[in-house]
Amino acid sequence: MAAAANKALIVQSDCSVLLELGAPHADDARAALAPFAELVKSPEHVHTYRLTPLSIWNARSTGLAAEQMVKALREHARYPIPSNVEQEILQLAARYGRVVIARDGNILRCSCQDHITAERIARDKGAGQYLTDRISPTEFRVAPDARGVLKQALVAAGYPAEDLAGYLPGEHLNLELRANSLSGKPFQVRDYQRQAAEAFHLAGSERGGSGVIVLPCGAGKTIVGLAAMDLVKQTTLVLATTLTSVKQWRRELLDKTSLRQEDIAEYTGERKNTGPVTLTTYQILTWRGDRAAEFPHLELFRARSWGLIIYDEVHLLPAPVFRATADLQARRRLGLTATLVREDGRESDVFALIGPKRFDVPWKDLERQAWIATASCIELRVPMSAERRMEYALAERRSQFRVAAENPAKMIHLRELLARYPDARVLVIGAYIDQVETIATEIGAPLVAGKTPEIERERIYERFRKGELRCIVLSKVGNFAIDLPDADLLIQVSGAFGSRQEEAQRLGRVLRPKYDGRAARFFTLVSRDTREEEFAHHRKLFLTEQGYSYQVRLAEELSKAR
Amino acid sequence: MRRYDADGGIPTLDVAVSEFMNAEDLKRLGALTGHKLPTRKADLAQVIICHLEGERIRTVWQTLDEIQRAAVAEVVYSRSTQFPADRFRAKYGQDPNWGSADKYGYGGNPSALCFFFYGNRIMPDDLKARLKTFVPPPAENKVQSLEQLPTVYDQPFERWNSKKKKQEHGSEPIQIAVRESERSAQRELFSVLRLVDAGKVTVSDKTGKASSATIEAITAVLDSGDYYPFVQPQNKWHDKNAGPMRAFAWPLLIQAGGLVQLSGSKLQLTRAGRKALAEPAVQTLKTLWKKWTDTTLFDELSRIECVKGQTGKGKHGLTAVSSRREAISKVLTNCPVGRWISTAELLRFLRAAENDFAVSRNPWNLYICDLQYGSLGYAGAEGILEERYMLCLLFEYAATLGLIDAAFIPPAGARRDYCDLWGTDELPFFSRYDGLMFFRVTALGAYSLGVTQSYKSAPVEVKQVLRVLPNLEIAAIGTDLELGDRLALDACAVHTSDLIWRLEARRLLEATEGGSSVEEVREFLAARNGAPLPDTVTRLFEDVGNRSAQVQDRGFARLIECADAALAALIAHDTRTRKHCLRAGECHLVVPAGSETAFRRGLREVGYLVAPASAQVANGGQATAAKKTIRPLAEA
């Protein structure tokens with residue numbers, strides 16, 4: 001056993017756990033810790049994990065015992081574990097599995113481990129309302145349609161239910177993964193992708209079939225989805241964020257599976273078809289005529305007997321879809337995301353309604369294995385002219401950010417960057433239409449914005465993929481699900497107010513591994529001595545916490561260096 | 001009668017034998033010459049004079065034994081003509097042979113040494129001059145030192161065995177603890193200064209002594225705590241705890257050294273203190289010792305609490321503290337660097353040196369328990385004050401500043417020289433410093449005492465206990481994070497969990513406003529970080545550094561309100577006033593305090609004056625009248 005000073009973990013009384021990467025047995029410590037702790041941030045040298053109720057229940061759902069968790073901590077902790085942490089783990093872990101939801105013919109039975117737990121949840125304001133009929137001192141009958149909301153309420157009450165009620169079988173889907181993709185390239189599901197799909201499926205058992213896979217942008221979450229479909233082999237509904245993403249799913253399905261065009265239907269603003277595999281967007285599902293009306297397109301969930309529902313970018317799942325998902329607990333559900341961090345803090349709903357986290361792998365691990373491109377991030381501080389500074393100074397506080405974001409001097413440095421990397425495949429992303437339009441005109445690159453027709457977008461992306469275009473200017477539409485594997489230089493000229501998600505997603509655009517192994521570069525142009533610096537600071541936090549080296553340079557320095 | 005008035009010495013041998021000796025004395029001394037002695041006193045005196053005449057004096061000197069010759073040499077090569085009995089005894093461990101004496105110390109037969117000393121053992125000036133031509137100088141006074149420290153100290157004891165019903169004597173081995181202070185002093189200095197910077201050092205505004213809460217806080221930042229950890233006493237009558245020493249000394253040392261100043265009841269860093277935080281500690285420690293030797297802030301004797309009368313009658317008899325410290329400081333300069341010296345040996349050396357010191361000119365007014373019975377003027381108390389004072393200065397102040405390493409045992413029972421004094425039966429020890437048995441002058445001590453001109457010790461080992469992360473977090477990953485480091489982190493970053501701090505521009509700006517500099521913070525982190533500081537952190541420091549210098553305080557100004565915007569514009573543009581004011585808004589002008597007189601003069605030339613505002617602005621119960629209004633002169 002390593003000496004105390006050499007051990008890698010430091011357990012803090014607030015249930016956070018620091019992992020020092022330089023410690024001799026850091027890898028062992030990480031392997032021991034990761035199953036029951038949530039990776040919060042992973043900057044160089046020290047990673048921070050957090051022991052949360054969800055992380056512990058996630059671990060319990062995979063069969064890990066509380067004693068094993070405590071033992072792992074004791075084995076790798078540099079200092080004695082604070083007693084409250086140990087107690088917290090034991091108590092939280094003990095709650096998982098005290099309540100089990102199982103099928104009993106046509107009804108569901110909610111069984112509690114003991115009388116006290118039964119009384120506790122029966123008297124709980126949230127969960128109690130769904131436990132209508134008491135069969136025995138420790139058992140309740142539950143209406144099948146209350147399965148989701150009951151699970152939600154039980155998580156809120158601190159007694160997560162183990163759902164062993166199983167799934168309704170969907171219609172069979174004749175799907176095989178190709179050994180050679182349609183484009184002619186050999187195709188193989190990577191090990192970690194297969195492991196992720198298998199961790200979700202759990203050989204078709206009742207314990208599997210629902211859960212979330214966490215993989216970094218560019219790591220091939222879509223492929224994990226395809227592998228899961230291959231395992232389940234039932235009709236599938238795929239919920240994506242945007243139309244572009246839908247197109248990407250279609251392209252991947254056709255390219256890498258035996259599905260034909262007619263097997264894949266799209267339920268979008270353009271056309272509303274259903275098929276054995278149906279692709280749709282959150283946007284169309286949550287559309288309604290007026291605020292008081294129902295969501296008519298949520299009926300899609302009942303349009304067929306789906307064997308599998310895939311939620312792409314599950315961290316963005318909108319509230320109405322959550323509600324609809326509560327009614328779909330008898331369907332297999334797979335969530336895909338790069339991060340479980342939700343800005344609205346509804347991680348517990350993801351746990352209760354989609355399922356526990358089944359697979360997670362740190363970004364940097366994949367980078368080391370070259371499954372995603374290595375990336376360097378540079379924040380470039382661009383000075384403002386005297387006139388612009390005065391305009392900034394006199395602007396209303398809420399307008400100052402925009403004045404700074406649209407700093408015309410950024411154009412000069414954008415050109416410099418384009419000249420500095422003449423061979424790079426460039427994406428320029430901005431938050432303001434006026435700004436990106438100006439940039440597109442000035443550098444003579446096509447612009448893809450919200451109003452750009454889908455056909456035109458696809459045409460531009462295709463030209464970029466073929467190498468006919470070197471640079472594309474994108475508005476916010478470029479944040480998600482654009483599959484442009486060859487892009488290796490991303491220049492962000494303006495971003496949303498400190499959104500960590502946006503920064504990470506944008507970086508994800510250039511993280512697809514390059515055929516020649518070259519590194520990706522992410523420049524973000526920020527006006528110096530303005531509020532944009534503050535917001536940029538928040539945005540970059542996420543990336544530094546993911547372990548990306550983040551440099552801050554003054555634009556003049558970079559110009560001089562050139 | 002002159003024989004009783006020898007304060008100015010005895011000029012000649014003639015005077016000595018005629019004025020300072022009676023016939024009986026002369027007869028007994030004359031008997032040593034071997035001549036037939038006359039009966040008249042004048043003739044007897046002549047016999048003595050003749051015996052020492054010319055080269056005969058050398059013959060007489062040659063009859064002296066080694067110690068007697070040393071006694072002669074000590075006086076011959078001394079500034080005084082008085083034989084220094086105590087000093088001689090301390091140096092040679094014995095008295096010279098003065099001959100036999102009766103039981104009262106009088107009469108008897110003198111030895112040949114008495115040919116050279118008369119009256120109260122004074123050497124006549126002319127004799128001294130003649131002796132100096134052939135008497136070699138006395139042996140140099142040397143301090144005995146040890147290469148290796150004994151691991152145990154054989155502590156003598158004397159106790160009543162209630163079973164055997166008899167008094168037992170003997171000795172028992174006591175483990176000697178060693179505190180090497182050279183590096184710890186440097187670390188502790190920073191820790192204490194940071195504690196001050198954090199506003200956690202409270203002292204009495206009258207005495208400068210730290211409060212008990214402060215002493216606890218300082219004890220917590222000391223390397224391995226204070227010398228003697230607190231042990232819960234069996235009962236209040238048997239409390240053998242020595243109490244705080246370094247924790248007590250540090251607030252006084254930094255006050256005396258001018259590194260801190262009192263603000264209310266709390267200490268705050270002065271400019272020198274802040275500078276000291278950014279510089280190597282060695283020079284600061286040297287300065288602190290120098291300033292401590294001169295300070296009148298505190299008399300260490302007051303720490304020997306069983307000695308009463310220090311603030312009453314005995315106060316007037318106390319010698320100047322600076323003279324005592326100077327004497328001890330001087331004797332330390334003669335101690336070999338890096339070798340252990342027992343405190344008893346140092347005391348001997350001090351007494352044998354010519355610059356011995358006294359704590360009180362009149363120890364009769366200092367006492368234990370009772371002035372009448374317990375006075376320290378009685379026999380048996382000689383030197384006890386000086387010894388304890390020396391121990392206090394060495395243990396509590398010199399060792400705290402890293403001048404010496406200390407080897408010590410628990411104070412209770414360590415010294416028994418006070419046990420015969422009246423009123424000491426209940427004392428567990430005479431002073432809390434009784435346990436200091438050995439010390440060793442460090443290289444830093446030699447530098448601070450002026451023995452060496454430079455100090456080239458290894459730099460203070462700064463433990464790399466932190467990890468500064470690119471997401472601006474600081475993780476305390478090391479096992480040795482000191483409280484001082486924690487305080488420094490608290491001052492410049494936000495404490496987010498047990499071992500995590502987060503750097504924030506706002507907190508750094510606050511720290512800068514409080515007197516720290518971003519550069520200090522950067523150096524602090526860089527020294528403790530196991531790797532170069534991440535780029536994001538470096539940039540944050542640069543940003544904060546730049547921003548903290550962009551807005552400057554240019555002093556106070558007066559806000560002047562004009563009746564209307566046109567008047568404000570007129571004054572702001574008039575050649576006689578525009579140099580002295582700035583426009584602030586439509587109707588207001590700002591006049592820097594330094595330009596106020598010139599502005600008023602110019603304003604009068606323009607034809608206006610500044611009238612006091614009719615309505616004063618009340619703010620929190622305190623009225624301020626900074627705002628003035630301008631009225632035409634005619635109206636005024």
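1. Two residues are in contact here if their C-beta atoms, placed from the backbone, lie within 7 Å. This is a predicted model, in which local features need pLDDT of at least 70 and side-chain atom pairs count only at pLDDT 80 or more, while totals for chains, interfaces and linings use all residues. Residues are numbered from 1 along each chain as its sequence is written, and chains are lettered from A and ligands numbered from 1 in the order in which they are written.

2. Chain A holds 22 helices and 23 strands; helices (H or I, at least four residues) and strands (E, at least two) are DSSP runs numbered from the N terminus. Of its 562 residues, 50% are buried, a residue being buried if 20 or more other C-beta atoms lie within 10 Å of its own, exposed if 12 or fewer, and partly exposed in between, with C-beta atoms placed from the backbone. Among contacts in chain A with a separation of 6 or more, 72% are between residues 24 or more positions apart.

3. Chain B has 22 helices and 19 strands. Buried residues are 39% of the 636 in chain B. For contacts in chain B between residues at least 6 apart in sequence, 66% join residues at least 24 apart.

4. Where the chains touch, chain A gives 19 residues and chain B gives 13 residues. On the chain A side, β2 (16-20), α21 (531-545) and β23 (550-554) each supply at least two residues. That side divides into 8 nonpolar, 6 polar and 5 charged residues; Ala, Val, Leu, Ile, Met, Phe, Trp, Tyr, Cys and Pro count as nonpolar, Asp, Glu, Lys and Arg as charged, and the others, Gly among them, as polar.

5. One helix pair in chain A is α8 (residues 191-201) with α9 (residues 221-232), whose axes come within 9 Å and cross at roughly 45 degrees. Axes are lines fitted to C-alpha atoms, for helices over the stretch in contact, and angles run from 0 to 180 degrees between N-to-C directions. Q193(A), R194(A), A196(A), A197(A), F200(A) and H201(A) of α8(A) meet I223(A), V224(A), A227(A), A228(A), L231(A) and V232(A) of α9(A). The residues of this contact are 9 nonpolar, 2 polar and 1 charged.

6. Helix α7 (residues 147-157) of chain A is mostly covered, with 9 of its 11 residues buried. Among the buried residues of α7(A) are R147(A), K151(A) and Q152(A). G158(A) follows α7(A) and has a positive phi, near 90 degrees.
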